[in-house]
Amino acid sequence: RRIENEPISKIFNLKSFWKYEFYVNSDVLDPRPETELILEKILEYFPLKEKKLKILDMCTGSGCIAITLAKELNNANISAIDISKKALNIAMINAKNHNVDINFEQIDILSQPYKNKMDMVVCNPPYIPINEMGAIMDDVRLYEPKIALTDGSDGLSFYKRISELAPSIVVPGGYVLLEVGINQHPRLVKNIFDIQSFSKIEMISDLNGDPRILKVLVN
């Protein structure tokens, strides 16, 4: 299986993220080290672990972000959504394995509404443009779920949708934190939120100096 470029994580159904281990299979995207930057920033902005935050993890996949937040923020109310029922099943297995309570819901956020008010929305969306899918490595293209890699369009659909939803589902003073693809021009993503006139928009770089996280303060 490894000779056929199948990732070790898929063979052993296990992937490390933050300081935890997560069950993974072909139904979910493997957690990536770069996504840990979202966790670092959330814990930096909200150091009081006892605060009763309401956090929504969109496109939750394996549940790694939501579950890690539930482990690190003791009193947070964590919700997680995904279009894929198969992915949610994996996320629920991981939540049970880590003994955390997450509110899971199957929602196609591109076409369905979300009405609950949150202090924070986080998301690692499918951001690879469809015309670039053929160029990605075989271990990703052949063994990761396509729905978790691309929006089937220009890779910007989820950023546009979240920018539209944020004013109605994030409380004033709350945050949106989104992972951005390393090959995406960060200005394209930032401009989507600039159009909505949010009060503060910041692009955060990773250790290599590449823009990776968009942080938006909601008015």
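Lys 215 is buried, with a relative accessibility of 8%; buried here means under 20% relative accessible area, exposed means over 50%, and partly exposed is whatever falls in between (1.4 Å probe, protein chains only). Keep in mind that this is a predicted model, where local features need pLDDT of at least 70, side-chain atom pairs count only at pLDDT 80 or more, and totals for chains, interfaces and linings use all residues. Residues are numbered from 1 along each chain as its sequence is written, and side-chain values use heavy atoms, with hydrogens and water left out.

What does Lys 215 form a salt bridge with? The partner is Glu 202, and the closest N and O atoms are 3.2 Å apart. To count as a salt bridge, a side-chain nitrogen of Lys or Arg has to be within 4 Å of a carboxyl oxygen of Asp or Glu. Glu 202 sits in strand β8 (residues 200-205) and Lys 215 in strand β9 (residues 211-217), so this pair ties together parts 13 residues apart in sequence. Helices and strands are DSSP runs numbered from the N terminus, with helices being H or I of at least four residues and strands E of at least two.

Tyr 45 and Tyr 175 are a stacked pair because their ring centres are 5.5 Å apart and their planes meet at 15 degrees. This pair links distant parts of the chain: Tyr 45 is in helix α2 (residues 36-45) and Tyr 175 in strand β7 (residues 170-179), 130 residues apart. Tyr 45 is partly exposed at 21% relative accessibility, while Tyr 175 is buried at 18%. Another pair, Phe 193 with Phe 198, is tilted, at 5.7 Å centre to centre and 45 degrees between the planes. Both Phe 193 and Phe 198 are buried.

Back to the charges: the structure holds 13 salt bridges. One of them joins Arg 141 to Asp 138, with the closest N and O atoms 2.5 Å apart. These two are 3 residues apart in helix α5 (residues 138-141), which means about one helical turn separates them. Arg 141 is partly exposed at 34%, and Asp 138 is partly exposed at 31%. Asp 154 and Lys 160 form another salt bridge, with 3.5 Å between the closest N and O atoms; Asp 154 is partly exposed at 33% and Lys 160 is partly exposed at 36%.

Now zoom out. The chain has 8 helices and 9 strands. Its radius of gyration is 16 Å, close to the 17 Å from the globule rule for 219 residues, so the chain is as compact as a globular protein of that length. That radius is taken over C-alpha atoms, and the rule is 2.2 Å times the number of residues to the power 0.38. Buried residues make up 51% of the 219 residues.

Note on methods:
Rings of Phe, Tyr and Trp (its six-membered ring) pair if their centres lie within 6.5 Å; planes under 30 degrees apart count as stacked, over 60 as edge-to-face and the rest as tilted.
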